[in-house]
Amino acid sequence: MADIMIAGIGGQGVLTAGKILIQIAAENGKNVSWTSEYSAEMRGGISLCRVVVSDEEIGTPYPDTLDILVCMNEEAYETYVGQVTEGGNVIINSSLFGERTYPERLHVTGVDAMNISAELDNTRGANLVMLGAMIAATGMLDKTQFAETLRAYFENKGKPADQNVKCFEEGYEKAGRIC
């Protein structure tokens with residue numbers, strides 16, 4: 001089981017990333033739950049979603065601690081890192097982080113999500129870059145299955161699948177362990 005939080009600000013695709021994650025996990029045989037929290041602002045306010053992915057029945061969608069924290073910005077890290085269990089994974093959007101030290105009790109992975117998505121001419125794809133980094137860091141789902149299901153997800157919505165899958169794959173490939 002993995003208790004996950006994806007956090008950032010409105011407009012970064014935080015809620016969409018969580019919805020994509022639960023759909024792909026469910027289509028690959030996992031039990032899932034998704035809850036969201038966001039402020040009243042359309043863009044710029046706090047936005048987060050909690051996702052539980054499990055092989056077993058899920059008891060609560062509101063875990064006391066997190067196994068994985070995906071931070072789209074530094075403020076999300078500072079606000080929620082204390083909820084991550086010892087040995088848990090934190091994935092950071094290094095595009096929006098300054099120099100800092102990280103607790104040795106955590107596994108921190110960084111990826112330059114903003115620049116990667118911009119280089120791929122898909123500035124709205126930073127959340128997909130982050131999902132790629134999360135899958136690389138945790139191994140919770142198979143990369144190929146994730147990419148194939150992601151392609152189908154976007155094709156079913158009538159959206160360009162190639163660019164979005166490429167964002168995921170680049171995030172997976174370019175994720176780097178910080179500590």
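## The largest cavity

Helix α2 gives the largest share of the lining of the largest cavity, four residues. Helices here are DSSP runs (H or I) of at least four residues, strands are E runs of at least two, and both are numbered from the N terminus. This is a predicted model, where local features need pLDDT of at least 70, side-chain atom pairs count only at pLDDT 80 or more, and totals for chains, interfaces and linings use all residues. Residues are numbered from 1 along each chain as its sequence is written, and side-chain values use heavy atoms, leaving out hydrogens and water.

So what's a cavity? On a 1 Å grid over the protein atoms alone, it's a set of points where a 1.4 Å probe fits but can't get out; a pocket is an open set with protein on both sides within 12 Å along at least five of seven lines, and lining residues have an atom within 4 Å of a point. The largest cavity holds about 60 Å³ of space, and Ala7, Ile46 and Tyr80 are among the residues lining it.

## The largest pocket

Now for the open space: the largest pocket has a volume of about 830 Å³. It is lined by 33 residues, and the closest to its centre are Gln12, Gly13, Thr16, Arg124 and Asn127. Helix α1 supplies the largest share of this lining, five residues.

## Asp3

Asp3 sits in strand β1, residues 2–9. Leaving aside residues up to four places away in sequence, Asp3 touches Val51, Val52, Pro63, Thr65, Leu66, Asp67 and Ile68, where contact means heavy atoms within 4.5 Å.

Methods:
Grid points are joined across faces, edges and corners, and a volume is the space filled by probe spheres set on the points.
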